[in-house]
Amino acid sequence: MRYSAFGILKQGLTGNKGWKPVWREPEPKKSYDYIIVGGGGHGLATAHYLAKVYGGKNIAVLEKGWIGSGNIGRNTTIVRSNYGLEGNQPFYEMSLKLWEGLEQDLNYNAMMSQRGILNLAHSDGQRDAYAKRGNAMLMSGADAELLDRAAIQKMCPFLNFDNERFPIKAGLLQRRAGTARHDAVAWGYARSADLHGVDIIQNCEVTGFQMKNGKCLGVQTSKGMIKAKKTAVCVAGASSRVMEKAGMRLPIESHVLQAFVSEGLKPTIPGVITYGAGHFYVSQSDKGGLVFGGDLDGYNSYAQRGNLPVVEDVCSGGMSIMPMIGRARLLRMWGGVMDMSMDGSPFIDKTGIEGLYFNGGWCYGGFKATPASGYCYAHLLATDTSHENASQMRLDRFIRGNMIDEKGVGAQPNLH
Amino acid sequence: MIINHPLLGPRDANEFIHLGDESMIDRPDGMGEHAAKEFHEYLYLRDNPAGKYRELWYHEAGDRSWLVVTRDTVTHEIFNVELARDVARSRGRSK
Amino acid sequence: MAKLSATDSLGGYDKEIGNIRLREIANQSLIAMAIPQGEESKFKNNIKNIFNLKMPSPTKSVKNKDTRLLFTQPDQIFVLTKKTEDPENSMAIIFGECAYITDQTDAWVILEISGESSREALERICQVDLDKNVFQLDGMARTSMEHMSAIIIRKADDTFYLMSASSSAKSFLHAVELSAQHVS
Amino acid sequence: MKQAYRINGGLVNKSKPIKFTFNNKQMTGYEGDTLASALLANGQRLVGRSFKYHRPRGIFSSGSEEPNALVQLRSGAHQEPNTRATVVELFDGLTSESQNHRGSLDFDIMSVTDLLSPFLGAGFYYKTFMWPKAFWEKIYEPIIRSSAGLGSLSKLEDPDKYDKGFLHCDLLIAGAGPSGLTAALAAGRAGARVIIADEDFLLGGRLLEEEHTVSGISGQDWVQKSKDELDAMPNVRILTRTTVYGSYDHGIYGALERKTDHLADSGNKPRQVLWRIYSKRAMICGGATERSIAFPNNDRPGIMLAGSVRAYATRYGVAAGTNIAIFTNNDSGWQTAVELVSKGINVTAVIDPRDTAPRAHIPGVAMIMGASVCDTQGRKALNRITLTNGQVLNVDCLAVSGGWSPNVHLTCHQRGRPIWNDEIAGFVPGGNLPVGQSIAGASNGEMTLGAAIKSGHKTANAIVKELGLSPSRSQAPKAEDEGFAIMQYWHVAGYKQRAWIDLQNDVTSKDVKQSQAEGFKSVEHLKRYTTLGMATDQGKTSNILGLAVMAEATGKTIPETGTTIFRPPYSPVAIGAFGGRERGQHFHPTRLTPSHNWADEQGAEFVEVGNWMRAQWFPKSGDKTWRDSVDREVTKTRKSVGVCDVSTLGKIDIKGKDAAEFLNKIYSNPFAKVPVGRVRYGLMLREDGICYDDGTTARLAEDHFVMTTTTANAVLVYRNMEFARQCLFPDLDVHLISTTDQWAQFAIAGPKSRDVLSKIIDKVDMSNDGFPFMACSDVTVCGGTPGRLFRISFSGELAYEVAVPARYGDALIREIMAAGEEFDITPYGTEALGVMRIEKGHVTGAELNGQMTAFNVNMNNMVSIKKDSIGSVLSRREVMVADNQVRLVGVKTVEKTDSLSSGAHFLAKNDKPTTANDQGWITSVCYSPHFEQHIGLGFLERGHERHGEIIRAWDGVRGTDVLVEIVSSHMYDPEGGLQRG
């Protein structure tokens, strides 16, 4: 059902009894043109764009658990396009533009909130690196501003300006960045894909691939064999486990990233703020919770939970840059499994196996990428060519020496 | 987490730095014929298992030993901790 | 030209906080000795002959009247002894081929904490178990306190040596002082 | 205002009255009260407003599960939002305010949202606010935002201190109720190291809140007796006011001790201490939390949990109402009735949906079986309830018991799932517990006192054995097994009024059903779609109800419906506590150079470089800007002589028979044949072929090298070399030790540097032949102090670096300044250092940023192909050595008056700033006193072959766009004659 002001009025007056399921619960067919493995944000977005933009028909999304049960529902909801490298920036700017039109595109309010992201710099070198990045952003058509200390103090008077171990020197501001309601993104894409005829099949785990002389013909699942002309894997933290069933080793490690939310508070923090001298970033949700996080725990993990050292490290970072949050209470901490690639950048590519496609390696940047990832993956599936904005996100880039290493820390996933 | 150091006994993991897969020990011969291919696989491709995993940790805040820790990446249970130097020798590394 | 005069990291700090006493120990030389591969037994004998001590275990230091030996790394020990001008050379002469010697005296600051509540104070910065029965006399551990690498040695019942990097000596002192204040 | 609801008895000290305020209203309570018990004693019913509909709310519970009674505690910078009145110990002068209303608590204009509730059901956000498009950002969202949240932060720096600590034990016991105390006694007597922690400020748990007999004495006396015994045991540590908030890997538990929250003033001591507890074994004795029943209008002030009404009477001596009705689906509600009556509190009726005989005989109390409450009245305080049998009762308090949920949280923090127990109608710990953890008492589903105590005793003794100790012979204390029979009755269905499930987030049974109707059936979907259980109480009283209603709607059982994941913390923890003392100046350690005090005396400006404080420049009177100082330092150094503290550079002592061979593997350029007494510049690659560090390494003996690294990478380089030493080349005889802090090292640069040093260094032939460029040697300085001398140059001038043990650094800098006086020696800081290295074209972190290869910095000839060194193979990959790669260049402004900025990008003269036209960027800039203009270094596509070209340095974020000439990166003295001279 299409959502409208009138519809909500009507439902409200008739005891909200008329609401229909947001998506169907179909049984899987014997075969599809496209099977998307993974009912997370990227998989559902892929289905949406494949059906709506590229006219794909006969599409199924297979989800092991309930849709949106992965990182799409377990992240800090930040949306931005403040990257520095040519292999990334245009892609993330494309994504941000798609975010800006998402409510209308989906007829679903994902509560995209463009309150800006401010990256604080604490040394001349850091400031200049941000300037370099900001210029790259402007060149790709994104917005970027370099703020000085005074401008930052005006914007965020509550930051630590008097007793700082690492004084704030400058900041890179992207006003169009912000946050979105993570779960709603999954639900909105699922609903739209469903309306375009995509079969979303929950509780359907892929247990293997059907291979015949080097070709992928479909997948074995907990609901039986399903044939597909094209099989598109899109399973984030589970990438290695799933692709292993196709005999592939990936340039990916799975790591845990923790995130935190405080009790609900009256509005305090304008947008997203990242601390350049400690591991801390924060925003405030529409419900009033401070949503914050920091670095990976640092060890490989599939456990979806972390340990105390990182919790304390993140909070001390927060206290040193934002000493007013001391009396706010941390309400929940959780961990997500990150598909950390070897250079911190993702892959949207064919595999060596005909009919099998791969999307992954999003590290902890997957949420903001959801629309462009879905769009570019759909493009690849429909045309068998890389979308121009994802042309460097290839699996062979390490053989060729074309790393996309924004942080410059090399082939060590837990440092990205 | 707690890592039971073979020489020092149990220590909080926050005294250690995590590097990654034990296979980082098996550095290929840079003068070898297939060096380029071997180094790509050595440095970039990972098994990334969900389950038992042999990984390298460095006791940076302690005795500066590199350790090989056998740990389950799903439960975080640690089964065994060895000095990486011993493991390296047992895997044929010398000079 | 005047010979250079030395400046101690904490200027000879010595203070009582509640029933805790904190003081800088600046009359010691600290020498690192690395054991050449294959020379382990020779090295061991030298330790016996020169200091009349056995090798320290990874968790327990050994000492005689004015020298204490600490295990710092599988092939390395620290010698803590009376301060001399050029310990690296003098030791090198004694040990010759069977040890690689590096002066560490100025790389470290030594802080002694003593008194009834010393353990209670250390509880706030030291994650090593300092229980009397676990961390026994002469016990030692190399760990970190407040993000600073540190070595802790139990000298007597409630007396500990705390060693940390000399460049951050003031930060280290602050961390220990604060702990003492918080429990006093 | 007198305490109208205070009754006899209780554990409060009536000889110690305490004054406090609520919404500026003066009230009095007693020592031993919580804010909640004192408010009830003073008859304060309305204490807050709900999150979404701003419904009037009163105190609901007596513990940390409280969803309603949240206040802003204290004032000014000490203001603490969302504080549960039920766990705040009353202290003299306490001030508190209600939250989440516009206008007064009594007349909250936001309560209109309650009238709009039909349109604000589950997930309404997602379906609306989309028309017209522009309105979302500009109007709707700001409105939603402004009404978000509950309490507010003061926006001032938290004035309190926090600390952390580390504790070790054989057995951690979380919870000091009957089972916890019993366990502590058993383990303590057996000699185990025990830590027993409870979130309450008193030990005893339910024994304080209910009247029982334990081993022949009153429960309260038994608690006191047990406490005395435990206090006397040196191996037992009691932590009250301490919440074990989380269970982590390998027996580590997080606990928060509230040290001074119960005091009017912290006395400058830490407010809270965050303990990290390392336990061999742990016992969870967390008890159980009561839950409500979903019936129409079940959220009014005066509607409370039955066990809490009992607790207020028994522990605090407070009657929660003058006429109390009890609505219960289980026996504990009856026990509450009996106990209330015994205290002379007027109980009007007990209403029980079960069609059985009354569960107890209570004279003067209507016992209404087979009925339920189906409506309530009273906007700001309950005054009437209506029963399904049509009866209407006038009561001001309704005590509800929907049964008890074992507190399994800590057993599930490692993603374990609890299992359903039909007998107690609750989830109990499942099989997959955290390693080393056991559970006893109500949190294990052992709901009666007798069973709880027995299991505490038994479990502790089993653990004692596992620890290798022998259990004491003492028997478990004796207590009876009271009834706990329950009917699984969750929801008074079939009425059109809303029945609340999550009181704080305003989630009603309707929302749950709608969520189900829209396909959000998985519990995780339910939680996320309705926000059930996501409030500050984390659904302690609501989750099971929600599940039950969802199960009902889907026709599934509760176990089939499942539970959401339990995540730490058990109850919310102040962010300040997690931050501890690492704040402000003490966020990170501060490292000082040996000449710091001296530089400070000179009035130097300091700058953070990593954790180091380095002199940035040395202002002199007459300097108008920092540039004047820097220009002077550079000019003087180039013309005569300057000195700079370079002790922050990483120094690593490398010793061993194979040291040279080892370095030959570490550095990309040859090192095997460096002669003794010589220094060589070395380039270090990561294994992926990217340059990550460089520096000079001196060979002082056959088996002894001294390596210098950049300040930033000292630790990383050391780590990587240990990796190579232990893991890659374990049989090489090579040994490393950091000597960064051991040496004070000064660079002395400029044509007069030799003259100055000749006065400092003892008996060394300083002539160019005696001590040529790149020479090094052990020396003594100032008549005998051991030191080292290196003839190396970062500035491009004739230059040396001299090192002495750090304790002599302060003295040496003073000697050098004295010796240099006749040459007008100048100290120079990092800025001047930067200017000179840019003029010279030396790369630093700005160029070696972790993305650049030797090829990019035109040093590919320094990557030997004749040997296998770290990174050499992968540095030769096709893209990394392609013609179109960016290469290091120098840049000069075409107009001498123009200035440059780092981070500017290179564009061809007429190109638009687009990604496609991007040709490179500027990495470092400075004003060069030598060239009398701005110069810089940068990376430019094919830059090495474009010297002389004029292009643009475009800096959009700074709004500048200047013409630059591309030149060689070696701008100053390209032949290097000066440094060799």
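1. Charges first: chain D carries 108 positive and 109 negative charges, and their mean positions lie 3 Å apart. Bear in mind that this is a predicted model.

2. On the overall build of chain D, the C-alpha atoms fill a box of roughly 115 × 75 × 55 Å along the principal axes. DSSP runs give 24 helices and 51 strands in this chain.

3. How much of chain D is buried? Of its 981 residues, 67% count as such. The accessible surface of the chain is about 32100 Å², with 52% of that belonging to carbon and sulfur atoms.

4. A word on contact order in chain D: take the contacts with a separation of 6 or more, and 67% of them are between residues 24 or more positions apart.

5. Now the chain pairs. Five pairs of chains touch, and chains A and D have the most contacts among them. Chains A and C, on the other hand, have no contact joining them; their closest C-alpha atoms are 10 Å apart.

6. K17(A) forms a positive patch together with K496(D), K510(D) and K513(D). If you want to find one of these lysines in the viewer, K510(D) sits in helix 12 of chain D, which covers residues 509–517.

7. Why does K510(D) count as partly exposed? Its relative accessibility is 40%, and the partly exposed class runs between the buried cut-off of under 20% and the exposed one of over 50%.

Note on methods: Residues numbered from 1 in each chain as written. Chains lettered and ligands numbered in written order. Predicted model: local features only at pLDDT ≥ 70, side-chain atom pairs only at ≥ 80, totals over all residues. Heavy atoms only, no water. Patch = residues over 30% accessible without salt bridge, like charges linked within 9 Å, V, L, I, M, F, W, Y side chains within 5 Å. Areas by Shrake-Rupley, 256 points an atom, 1.4 Å probe, with all protein chains shown as cover. Salt bridge = Lys/Arg side-chain N within 4 Å of Asp/Glu carboxyl O. Lys, Arg positive; Asp, Glu negative; His and termini not counted. Charge placed at Lys NZ, Arg CZ, Asp CG, Glu CD. Helix = DSSP H or I, 4+ residues; strand = E, 2+ residues; numbered from the N terminus. Buried < 20%, exposed > 50% of the residue type's maximum accessible area, 1.4 Å probe, protein only. Contact = heavy atoms within 4.5 Å.
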